[in-house]
Amino acid sequence: MRPRKIPLRKCVACQEMMPKKELIRVVRTPDEQIMIDLTGKKSGRGAYLCGKVSCFKLAKKSKALDRALKQSVSADIYDTLEQDFIRVEDEFIAHKEAVTDDEGES
Ligand SMILES: [Zn+2]
């Protein structure tokens, strides 16, 4: 078996390198909105977080998103994102389990 190259990204909260599909992308769009991007395809500057609320909370505490997105992120935005994060977590996990084999983008 030859090793398959899995794209890795770093979680901005815990600094762990993880396969992209294990991470949730937060994007700052060109019109400066900050939102969760489950498709991973929105344009803009992205930051990756483990698909865990605990990592989001860590990012909030350490203001990791401010640094990763090079923009100050207000407490309001963190709160909104946290709600979204909790909402998408189930969907994210379900999606991850649906794609069990390693096909997909390479
Ligand atoms: Zn993490």
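In the predicted model, glutamate 32 lies in the loop between β3 and β4. Its phi is positive, at about 65 degrees, although glutamate 32 is not a glycine. Most residues other than glycine have a negative phi. Glutamate 32 has 9 C-beta neighbours inside 10 Å and therefore counts as exposed, the cut-off being 12 or fewer.

A positive phi also occurs at lysine 70, where the value is about 50 degrees. Lysine 70 is not a glycine either. This residue sits in the loop between α2 and α3. With 10 other C-beta atoms within 10 Å, lysine 70 is exposed. Serine 72 lies in the loop between α2, residues 64-69, and α3. Serine 72 is likewise exposed, and 10 other C-beta atoms lie within 10 Å of it. From serine 72 to arginine 87 the separation is 15 residues in sequence. In space, their C-alpha atoms are 24 Å apart.

Helix α3 covers residues 75-98. At 1.5 Å a residue, its 24 residues should span 34 Å. At valine 88, α3 bends by about 35 degrees.

Which residues of α3 are buried? They are Tyr78, Leu81 and Phe85. An α-helix has 3.6 residues a turn, so residues three or four places apart point the same way. The cover over the buried residues of α3 includes strand β3 (23-28), strand β4 (34-37) and helix α1.

Helix α1 comprises residues 53-62. It packs with α3 at an angle of about 170 degrees, and the two axes are 10 Å apart. The two helices are therefore roughly antiparallel to each other, as the angle is over 145 degrees. On the α1 side, the contact is made by Val53, Phe56 and Lys60. On the α3 side, Tyr78, Glu82, Phe85, Ile86 and Glu89 take part. By class, this contact has 5 nonpolar and 3 charged residues, with no polar ones.

Conventions
Residues are numbered from 1 along each chain as its sequence is written. This is a predicted model: local features need pLDDT of at least 70, side-chain atom pairs count only at pLDDT 80 or more; totals for chains, interfaces and linings use all residues. Axes are lines fitted to C-alpha atoms, for helices over the stretch in contact, and angles run from 0 to 180 degrees between N-to-C directions. Helices (H or I, at least four residues) and strands (E, at least two) are DSSP runs, numbered from the N terminus. Angles under 35 degrees count as roughly parallel, over 145 as roughly antiparallel, 65 to 115 as roughly perpendicular and the rest as oblique. Two residues are in contact if their C-beta atoms, placed from the backbone, lie within 7 Å. Ala, Val, Leu, Ile, Met, Phe, Trp, Tyr, Cys and Pro count as nonpolar, Asp, Glu, Lys and Arg as charged, and the others, Gly among them, as polar. A residue is buried if 20 or more other C-beta atoms lie within 10 Å of its own, exposed if 12 or fewer, and partly exposed in between; C-beta atoms are placed from the backbone. The expected span of a helix is 1.5 Å times one less than its number of residues. The bend at a residue is the angle between axes fitted to the seven residues ending there and the seven starting there.
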